[in-house]
Amino acid sequence: MDEEAMIRTRCHLLDLPWEDVVVPHILCYLPLQHLVSLQRVSKQFHSLIQVYLSNCRTFDLSPVGPCIPKEAFCSMLKDNKVLQNLALQNCSGWVTDKELLPVIGQNQHLQRVDMSGCAWLTRHSLVAVSLSCTNLQHLGLAHCEWVDSLSLRSLADHCGGLHSIDLTACRQLKDDAICYLAKKCLQLRSLSLAVNANITDESVEDVAKNCRGLEQLDLTGCLRVRNQSIRTLAEYCPKLQSLKVNHCHNVTESSLDPLRKRNVVIDVEPPLQRALVLLQDVLGFAPFINLQI
């Protein structure tokens, strides 16, 4: 075949069927930052990327969030009505209700939303999620200090099928809001209440008694949680796999030991093991201790 014939038969990416080939079999493997770069190549590539973005099910800005202008975010998702997963963890510097509310409003099939660390959002975004995304299963709100009792109650009322929620450092929340969530979202399997000094045994006990399928619970830094609620957790949550109680100074081994015997992973070591580690640090080597009686 001569050179002229080869040129005539050469296939350009844009010549392939966009929706049948390029979008599902090529663009889906490219990182978001590469798609953004491709948009700038030509008008045709811009149109191609918009076709992809209007049909994508997952939109994860966490790797490139700080580098994406808010105008670009709005433009990229303006035609998408089929999103199922939306991740905004690294967009704390610019994303506000103004950018997020239109996206939430037109994507009622969202199952996973992560707004962790998005400090410029307000309770209106959480209320919008609760009203629009009734099939929501996973929600990340870590370090969103704007989350309050009313917005969490709205979520509980409309998203009863929630499987996991991260409320780390949502310091406005108190026992009443967590207890309401536990009574409404009975399918919760993973819950973080970490770094919130307002949380007491009342919250933990209501979660244990209502969310019997709970598998993971993070109580790190919940200073007012005590042994009684941990015992309740052990009694009512047979599927518990992981418990974090670091810096919970009122939780002792007497309540943790029954969970250890069930092979629950706990982030604090038993007292004897902690003592051995401390002794090793002091001596500079691991001592041999015969524990046999």
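E145 sits at 43% relative accessibility, so it counts as partly exposed. In this predicted model, the E145 side chain meets that of R171 in a salt bridge, 2.7 Å from N to O. The pair links distant parts of the chain: E145 is in the loop between strand 4 (138-140) and helix 8, while R171 is in the loop between strand 5 and helix 9, 26 residues apart. R171 has a relative accessible area of 39%, so partly exposed is the label here too.

That bridge belongs to a set of seven salt bridges in the structure. Another of them joins the side chains of D206 and K183, at 2.3 Å from N to O. D206 lies in helix 10 and K183 in helix 9, so this pair ties together parts that are 23 residues apart in sequence. D206 counts as buried because its relative accessibility is 17%, below the 20% limit for that label. A further bridge runs between E253 and R260, whose closest N and O atoms are 2.7 Å apart. Both partners are buried in this case, E253 as well as R260.

Now step back to the whole chain. The protein chain has 13 helices and nine strands. Of its 293 residues, 45% are buried. Take the contacts in the protein chain with a separation of 6 or more: 72% of them are between residues 24 or more positions apart.

Helix 9 covers residues 175-184, and its buried residues are D175, A177, I178, C179, L181 and A182. What do the buried residues of helix 9 pack against? Their partners are helix 8 (149-158), strand 5 (164-166) and helix 10.

Helix 10 is mostly covered, with seven of its 10 residues buried. Those buried residues are D201, S203, V204, E205, D206, V207 and A208. They pack against helix 9, strand 6 (190-192), strand 7 and helix 11.

Two packed helices are described by the angle between their axes and the distance between the axes. For helix 10 (residues 201-210) and helix 11 (residues 227-236), the axes come within 9 Å and cross at roughly 5°. That angle makes helix 10 roughly parallel to helix 11, since anything under 35 degrees gets that description. On the helix 10 side, the residues that meet helix 11 are D201, V204, E205, A208 and K209. They face Q228, S229, T232, L233 and Y236 in helix 11.

Helix 6 (residues 97-105) and helix 7 (residues 123-132) pack at about 0°, with axes 10 Å apart. Helix 6 is therefore roughly parallel to helix 7. From helix 6, the contact uses D97, L100, L101, I104 and G105. Helix 7 brings H124, S125, A128, V129 and S132.

Strand 7, one of the elements that the buried residues of helix 10 pack against, spans residues 216-218 and includes D218. Leaving aside residues up to four places away in sequence, D218 touches L191, S192, L193, A194 and K244.

The last stop is W18, found in helix 2 (residues 18-25). Is W18 buried or partly exposed? Its relative accessibility is 24%, so W18 counts as partly exposed. Not counting residues up to four places away in sequence, W18 touches V23, P24, Q44, S47, L48 and V51. For a sense of the spacing, W18 and I49 are 31 residues apart in sequence and 9.7 Å apart in space, C-alpha to C-alpha.

Methods. Residues are numbered from 1 along each chain as its sequence is written. This is a predicted model: local features need pLDDT of at least 70, side-chain atom pairs count only at pLDDT 80 or more; totals for chains, interfaces and linings use all residues. Side-chain values use heavy atoms; hydrogens and water are left out. Helices (H or I, at least four residues) and strands (E, at least two) are DSSP runs, numbered from the N terminus. Contact means heavy atoms within 4.5 Å. Axes are lines fitted to C-alpha atoms, for helices over the stretch in contact, and angles run from 0 to 180 degrees between N-to-C directions. Angles under 35 degrees count as roughly parallel, over 145 as roughly antiparallel, 65 to 115 as roughly perpendicular and the rest as oblique. Buried means under 20% relative accessible area, exposed over 50%, partly exposed in between (1.4 Å probe, protein chains only). A salt bridge is a side-chain nitrogen of Lys or Arg within 4 Å of a carboxyl oxygen of Asp or Glu.
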